[in-house]
Amino acid sequence: MRDTSELANMKDAIMAAIIDLATEHEDVCMLEADLESCLGSSGFHKQFPQRFFNCGIAEANMVGVAAGLSSMGFVPYADSFGVFSSRRAYDQFFLSVGYAKQRVHLIGTDPGVVAQVNGGTHMPFEDIALMRQVPDLIVIDPSDAQSCYELIKQAYDSKKSSYLRAGRRGATHRYSAGAKIELGKGIVLEEGKDLAIIATGETMVNESVKAVALLKEKGIHATLIDLHTIKPLDTALIEKVAKATGRVLVCENGRYAGGVGEAVAAHLAKTCPVKMDFVNVGERFGEVGNLAYLVKAFAFDSESIAAKAENLLKK
């Protein structure tokens with residue numbers, strides 16, 4: 001059991017998981033799209049030079065190569081910025097991996113506003129929607145280093161393919177090495193009777209934690225869920241908190257259409273209709289800025305989340 005509390009960045013947690021898996025399993029290999037320095041995969045390259053492949057700035061080809069390696073019995077991990085892993089290589093991933101029933105773990109770094117100064121061209125707000133359309137694919141959006149590490153390893157054990165969206169710089173340390181983190185099962189961080197806040201990903205969970213504290217100061221008690229696995233969706237937990245509170249606010253660093261909020265709303269519409277609201281990017285493209293600015297600009301900050309929660313309670 002690895003303790004990730006000493007890791008300074010999310011990319012370190014990603015690479016720790018992949019290197020540990022490669023140490024345990026000879027079928028694990030890694031592919032890069034000329035971004036070895038960005039994810040820090042040089043450690044894998046040095047330790048397993050025969051299982052590392054730099055495919056150059058050709059993400060669609062990288063996914064095709066990964067599918068080919070999978071057909072030969074390998075379990076490839078392919079990495080690029082989320083905008084390229086999802087949008088640019090989508091057809092290859094959908095057909096060569098999904099349709100062909102190959103086993104590939106795709107990594108999309110810097111999702112949504114986490115792309116920061118790379119700007120709107122590098123902000124995949126729609127990667128969740130795209131990857132949810134691939135049948136039987138696991139989609140993961142971890143909120144801290146330990147959950148990132150654990151979920152990568154559990155996705156390998158599932159024998160399925162996966163898509164991981166996570167930042168590279170900085171790391172939240174929310175969970176200890178002994179914390180119960182289970183693929184497909186959300187984690188209740190706070191329990192309250194007034195409403196439920198369902199958040200996914202590091203940025204949104206961090207801001208939601210602060211929002212819950214702001215609400216508590218006003219006498220409003222919210223349940224908070226870290227929905228680290230987007231697919232398969234933890235429908236049992238979602239139904240439970242919806243029935244208990246009657247109000248659900250879903251927060252995601254992405255677009256509503258096809259995203260987490262829409263997935264939760266669609267399920268609850270069938271099983272437990274409740275009053276809902278959503279925090280997401282809306283009908284906007286990304287823009288250039290540091291994370292603090294972008295979180296505020298897109299109303300992803302704790303104050304905006306708390307305000308939406310209060311308005312939801314008034315409905």
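Which helix supplies the largest share of the lining of the largest pocket? The answer is α9, with 4 residues. These legends describe a predicted model, in which local features need pLDDT of at least 70 and side-chain atom pairs count only at pLDDT 80 or more, while totals for chains, interfaces and linings use all residues. Residues are numbered from 1 along each chain as its sequence is written, and side-chain values use heavy atoms, with hydrogens and water left out.

**View 1. The largest pocket holds about 280 Å³ of space.** Among its 23 lining residues, Val-114, Glu-202, Thr-203, Asn-206 and Leu-291 are the closest to the pocket centre. On a 1 Å grid over the protein atoms alone, a pocket is an open set of points where a 1.4 Å probe fits, with protein on both sides within 12 Å along at least five of seven lines; lining residues have an atom within 4 Å of a point. Grid points are joined across faces, edges and corners, and the volume is the space filled by probe spheres set on the points. At least two lining residues come from each of β6, α9 (202-217) and α12 (291-297). Helices (H or I, at least four residues) and strands (E, at least two) are DSSP runs, numbered from the N terminus. Sorted by class, the lining has 8 nonpolar, 9 polar and 6 charged residues. Here Ala, Val, Leu, Ile, Met, Phe, Trp, Tyr, Cys and Pro count as nonpolar, Asp, Glu, Lys and Arg as charged, and the others, Gly among them, as polar.

**View 2. The second largest pocket has a volume of about 240 Å³.** It is lined by 14 residues, and the closest to its centre are Gly-98, Lys-101, Gln-102, Pro-135 and Asp-136. This lining divides into 6 nonpolar, 3 polar and 5 charged residues.

**View 3. Helix α9 has 16 residues.** From its first C-alpha to its last, α9 reaches 23 Å, close to the 22 Å expected at 1.5 Å a residue. That expected span is 1.5 Å times one less than the number of residues. Several residues of α9 are buried, including Glu-202, Met-204, Val-205, Ser-208, Ala-211, Val-212 and Leu-215. Buried means under 20% relative accessible area, exposed over 50%, and partly exposed in between (1.4 Å probe, protein chains only). An α-helix has 3.6 residues a turn, so residues three or four places apart point the same way. Just after α9, look for Gly-219, which takes a positive phi of about 80°.

**View 4. Phe-44, Phe-48 and Phe-52 form one aromatic cluster.** Rings of Phe, Tyr and Trp (its six-membered ring) pair if their centres lie within 6.5 Å; planes under 30 degrees apart count as stacked, over 60 as edge-to-face and the rest as tilted. This rule gives a count of 7 aromatic pairs. One of them is the tilted pair of Phe-44 and Phe-52, at 6.4 Å centre to centre with 45° between the planes. Phe-44 and Phe-52 are both buried.

**View 5. Tyr-256 and Phe-278 make an edge-to-face pair, because their planes stand at 65°, with ring centres 4.9 Å apart.** This pair links distant parts of the chain, 22 residues apart: Tyr-256 is in the loop between β11 (247-251) and α11 (260-271), and Phe-278 is in strand β12 (residues 275-279). Tyr-256 is partly exposed, at 29% relative accessible area, whereas Phe-278 counts as buried at 17%.

**View 6. The charged end of Arg-103 sits over the ring of Tyr-156, 4.6 Å from the ring centre.** Another example is Arg-284, which lies over the face of Phe-298 at 4.0 Å from the ring centre. A charge sits over a ring if NZ of Lys or CZ of Arg is within 6 Å of the ring centre and within 35 degrees of the ring normal.

**View 7. Some loops hold backbone angles worth a look.** Lys-231 and Pro-232 are joined by a cis peptide bond, with omega about 5°. Pro-232 belongs to the loop between β10 (229-231) and α10 (235-245). Asp-110 is not a glycine, yet has a positive phi of about 55°. The loop between β4 (105-109) and α7 (127-132) contains Asp-110, which counts as buried at 2% relative accessibility. Lys-159, also not a glycine, has a positive phi of about 70°. You can find Lys-159 in the loop between α8 (145-157) and β6 (162-166), where this residue counts as exposed at 57% relative accessibility.
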